[in-house]
Amino acid sequence: MSWLTFMREVIRENKTTGAIAPSSRELAEAITRMAGLKGAKVIVEYGAGEGVFTRQIMKEMDPDAHFISMEINPHLAAVAQKRCPKAVIINDSAENAIVHLRKAGFDHCDAIVSGLPWTRFNDALQDRILEAAYDVLAPGGRFVTFAYAMSPLVPSGRRFFTGKLPSRFQNVRRIGPVWKNVPPCFVYLCTKTP
């Protein structure tokens, strides 16, 4: 996918696609490393985008792990599928991940890697997706997401990263910044208390 095509999707779907540019390889490596994918039996990705994290997840996960990736934008879902043909890319909202896991015979996942643009979401959507993420995670499971360095300055970002995330997860660590990304990002590692 060209940068111009990617930006067209960002503008066209500005409530669900919020990147300034595709995520860097360095950010993908940092976020998947924090997710602790080795040993995870069931992995979910929220927001495949053009497949940067998807590719890294598939590279790092155990061969017998079950992995699904959720992408609400049909154009980006198609790009991610083409880029990662062996991945299961589902064109649906992240809040419906449990439906697709249950179809595959699973009730929970061990890790969620999220590339969702939290600052683009209204309060209610942030709540629904975060609640769904918490519910689908197994005890001890990891939820990893990121935010552009300026996101906490935006009201919706401040609400999410300094309020909602720590009120849902008792164990939240902020790592970074990851400088080799446009713009630089912080990675948030949240663990569901067993």
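Modeller: The account below begins with the strand and then turns to the rings.

The model is predicted, so to speak of its local features a pLDDT of at least 70 is needed, side-chain atom pairs count only at pLDDT 80 or more, and totals for chains, interfaces and linings use all residues. Residues are numbered from 1 along each chain as its sequence is written, and side-chain values use heavy atoms, with hydrogens and water left out.

Strand β5 spans residues 137-148, and nine of its twelve residues are buried, so the strand is largely enclosed by the rest of the structure. Here, buried means under 20% relative accessible area, exposed over 50% and partly exposed in between, with a 1.4 Å probe and protein chains only. Helices (H or I, at least four residues) and strands (E, at least two) are DSSP runs, numbered from the N terminus.

On the parallel side, strand β4 (residues 109-114) is joined to β5 by four bridges; two strands pair if DSSP finds at least two bridges between them. Ile-112 stands opposite Phe-143 in β5. Between β4 and β5 the chain passes through helix α6 (residues 123-136), in a β-α-β crossover that is right-handed. That term applies if, with the strands pointing away from the viewer, the path from the first strand over the helix to the second runs clockwise. In the antiparallel sense, β5 pairs with strand β7 (residues 185-191) over seven bridges, and Thr-145 stands opposite Tyr-188 in β7.

As to the rings, the whole structure holds nine aromatic pairs. Rings of Phe, Tyr and Trp (its six-membered ring) pair if their centres lie within 6.5 Å; planes under 30 degrees apart count as stacked, over 60 as edge-to-face and the rest as tilted. Phe-146 and Tyr-148 have ring centres 5.9 Å apart and planes at 70°, so this pair is edge-to-face; both residues are buried. Trp-118 and Phe-121 also form an edge-to-face pair, at 5.8 Å centre to centre with 80° between the planes, and both are buried. Ring pairs link Trp-118 and Phe-121 into a cluster with Tyr-134, Phe-143, Phe-160, Phe-161, Phe-169 and Tyr-188. This cluster includes Phe-143 and Tyr-188, the residues already named opposite Ile-112 and Thr-145 respectively.

Charges also sit over rings. The charged end of Lys-192 lies over the ring of Tyr-134, 4.5 Å from its centre, while Arg-174 lies over the face of Phe-186 at 3.8 Å from the ring centre. The criterion is NZ of Lys or CZ of Arg within 6 Å of the ring centre and within 35 degrees of the ring normal.
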